[in-house]
Amino acid sequence: MITGEPSGVALDQTRAPYFQVLLDYVDAGVIPFHTPGHKQGIGMERAFRDFVGDNVLAIDLTQIRGLDDLLQPEEALVEAQELAAACFGADQSFFLINGSTSGNQCMMMTALNPGEKLALPRNSHKSAMGGLIMSGATPVWMQPEVDEALHMDHTVTPETVRATLEREPDIKALYVVSPTYYGVAADLEGIAAVAHEFNLPLLVDEAWGPHFHFHPALPLSAMQAGADMCINSTHKMLGSLSQTAMLHVQGNRIRLDRLKAVYKLFLSTSPNLVLVASLDVARRQMALEGPALLSRTIEIANHAREQLNEIKGVYCFGEELEGRPGAFDLDPTKITITVKDLGYTGYEAEEILRRRYGVQVELADLFNVVALYTIGTTVEASDQLVRGVAELAREDRPLDIFSPSGVLDRRMKTGTYHLPKIPPIRLIPRDAFLAETEFVPFKLSAGRICAEVITPYPPGIPVISPGEEITNEIIDYLTLEKKAGVKMQGPYDDDLKFIRVVR
Ligand SMILES: Cc1ncc(COP(=O)(O)O)c(C=O)c1O
């Protein structure tokens, strides 16, 4: 199958050139006097080797002759990444082995110089903060649309983007997240049009949407919508191994020489080639079978959503959400199961579903659990989830979470509880993160400049970041989240009794 010819060479999507060179190396029976030290499994601890099997260890090789070099690709990795670009609709694609986390860092380090302004939504993943700290860029936060009923943030709208760019004319790049962790997608075409009208590059964190390109029932992919650069956590929704992701780029607004230099800065000199090969085969799988596999996934997910919505007290949003502010489109393969009317927090529901019904969801927050449906989800697995939720709904719930003695504040039930407002920015993230700091009691920290990122995880969206003034509203919000059992990522003191602030 010929699907594209970016380098003038006909591309054959039935090939997996990088996986093939690893297989050829094993077939040739080369005696390894090179890393890794386990030497294709011989030196590997027995229990681990027995469990994972010899084959995966045989292709855990290093970048020696014939296996190309991800830092300076010249052979099979050129073809593998060209195939990926053609398949994902990009001009060029780069394989990442440290997730979209490194992709976010690469995008920001490429698009921005220290001190330059980046417009980005407040519900960006914490790895975007890593990009801001490393690049020294100044954030201009955009408020995504807040859905009070669901107690979640959706995406930013083209109108918000336009207002931000008009207000701050020296912004150098625009960054948006689409879809959200909950599968809500932005109007990326509209946003790209605004960005390009202002002659700015559009960077998209599409960590949760690597499958979008392959099915008409899914939202437009960032590349289809005209973004200049995007990242895909291939490992999250497609068949590649954990930690793998891709960065895609198109058009001429991105400085490719800078991107390549930054990419090399982030990459290990010893990338795990099993991970790299898994990207190659995940691409081939999508090129050859993507639409069919995804049709089945979407069908299973839509059926499950219908079944779940029949359970009293359970709500899973669907197409009716589309068109609400910030919810331009919806990825049907993510099912957000709202359990608050059953009297459970999402965290409690997650724990019970795992302990009693043997299913583990991707994410829990105060009101919801999110189940991911992918090309690996079977009908049987889906049925078990639906059974678990149905049982959960039948269980006797002795305590209403919103009752005076329950874990949640009654204000949340009535929808009068708001996510905290974006606090004043007193320093850029880099300067605050690297400043001289001290610890002060969290409850008494209002007015101080935060020096760490505090991220309830999941969903991994910072509530306060380095350089921002700590407000009483933020203290109240994080205290409530802690009370409800939310884990905090980022603070040095996990219990959040103390917080690191700029001295
Ligand atoms: C929106 C978003 N961007 C980036 C990331 C980081 O991706 P990865 O885990 O592949 O490094 C995540 C992870 O959950 C995410 O939700």
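Which residues are buried in helix α7 (residues 158–167)? They are Pro158, Thr160, Val161, Thr164 and Leu165, where buried means under 20% relative accessible area, exposed over 50% and partly exposed in between, with a 1.4 Å probe and protein chains only.

The structure is a predicted model, in which local features need pLDDT of at least 70 and side-chain atom pairs count only at pLDDT 80 or more, while totals for chains, interfaces and linings use all residues. Residues are numbered from 1 along each chain as its sequence is written, and side-chain values use heavy atoms, with hydrogens and water left out.

**Overall architecture**

The chain has 17 helices and 19 strands; helices (H or I, at least four residues) and strands (E, at least two) are DSSP runs numbered from the N terminus. For 503 residues, a compact globule would have a radius of gyration near 23 Å, and the value of 23 Å for the chain agrees with this. That radius is taken over C-alpha atoms, and the globule rule is 2.2 Å times the number of residues to the power 0.38. The C-alpha trace spans about 70 × 55 × 45 Å along its principal axes.

Of the 503 residues, 56% count as buried. Among contacts (heavy atoms within 4.5 Å) with a separation of 6 or more, 71% join residues 24 or more positions apart. The accessible surface comes to about 21,100 Å², and carbon and sulfur atoms hold 52% of that surface; the areas come from the Shrake-Rupley method with a 1.4 Å probe, and for residues only the protein chains shown count as cover. The chain has 45 positive and 66 negative side chains, and the centres of the two sets lie 6 Å apart. Lys and Arg count as positive and Asp and Glu as negative, with His and the chain ends not counted; each charge is placed at NZ of Lys, CZ of Arg, CG of Asp or CD of Glu.

Seen down the axis of α7, the buried residues fall within an arc of 160 degrees, so they line one face of the helix. The arc is that of the directions from the helix axis to the C-beta atoms. Glu159, Glu166 and Arg167 are exposed on the face turned away from the buried side of α7. The cover over the buried residues of α7 includes β2 (117–121), β3 (138–142), β6 (171–177) and α8 (188–197).

In helix α11 (residues 256–266), the buried residues are Leu259, Val262 and Tyr263. They fall within an arc of 105 degrees when seen down the axis of α11, so they line one face of the helix. The face of α11 turned away from its buried side carries exposed Asp257 and Leu265. The buried residues of α11 pack against α4 (76–88), β1 (92–96), α5 (99–111), β9 (229–232) and β10 (245–249).

| Residue | Relative accessibility |
|---|---|
| Thr234 | 1% |
| Gly41 | 0% |
| Trp208 | 9% |

Thr234 is placed in helix α10 (residues 234–237). Beyond its neighbours within four places in sequence, Thr234 is in contact with residues including Pro210, Thr244, Met246 and Leu279.

Gly41 lies in the loop between α1 (17–28) and α2 (46–52). Leaving aside neighbours within four places in sequence, Gly41 contacts Arg49 and Leu57. The C-alpha atoms of Gly41 and Ile59, 18 residues apart in sequence, are 9.4 Å apart.

Trp208 is found in the loop between β8 (202–205) and α9 (222–225). Not counting residues up to four places away in sequence, Trp208 touches several residues, among them Tyr181, Lys236, Asp331 and Glu362. Between Trp208 and Asn232, 24 residues apart along the chain, the C-alpha separation is 6.7 Å.
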